[in-house]
Amino acid sequence: MRKKDLRTVDYIDHMLEAIRRILDYTAPLSQAQFETTPIAVDAVVRNMEVIGEAARNVMLDDPEFVAAHPEIPWQAMYGTRNRISHGYYAINTDVIWQTIQHDLRELQSALFKLKP
């Protein structure tokens with residue numbers, strides 16, 4: 001296995017760990033509870049930043065891998081990271097909640113399929 005391959009696997013593991021944490025943190029919460037619990041919002045936002053940064057690292061370090069896996073929304077993950085990092089004062093918790101409920105499990109499943 002090439003060094004590049006090892007880094008890509010590490011980044012995928014980082015994304016999967018961040019998704020696991022988000023799902024764990026939000027599992028016992030309703031949307032209203034999530035939106036009114038700053039520590040939960042902060043924890044989720046931080047882990048979404050990790051997902052986006054790891055996606056960006058894969059895009060930079062292993063563009064062939066990214067091209068071979070267009071089913072993964074690499075650029076969208078990085079774009080989300082940028083929106084929440086640079087727009088930290090205007091986090092839309094409804095959008096974050098909808099992402100958790102409708103997108104993260106599908107992303108998790110797709111990323112698991114990429115692991116050797």
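Predicted model: local features only at pLDDT ≥ 70, side-chain atom pairs only at ≥ 80, totals over all residues.
**View 1. The order of elements along the protein chain.** Helices (H or I, at least four residues) and strands (E, at least two) are DSSP runs, numbered from the N terminus. The C-alpha atoms fill a box of roughly 45 × 25 × 20 Å along the principal axes.

View 2. Of the 116 residues, 41% are buried; buried means under 20% relative accessible area, exposed over 50%, and partly exposed in between (1.4 Å probe, protein chains only). Among contacts (heavy atoms within 4.5 Å) with a separation of 6 or more, 79% join residues 24 or more positions apart.

**View 3. A closer look at Phe65.** You will find Phe65 in helix α4, residues 63-68. Phe65 counts as buried because its relative accessibility is 18%. Leaving aside residues up to four places away in sequence, Phe65 touches Thr8, Ile12, Val58, Trp74 and Leu114.

**View 4. Phe65 and His14.** These two residues are 51 residues apart in sequence, and their C-alpha atoms are 16 Å apart in space.

**Notes for all views.** Residues are numbered from 1 along each chain as its sequence is written, and side-chain values use heavy atoms, leaving out hydrogens and water. Local features need pLDDT of at least 70 and side-chain atom pairs count only at pLDDT 80 or more, while totals for chains, interfaces and linings use all residues.
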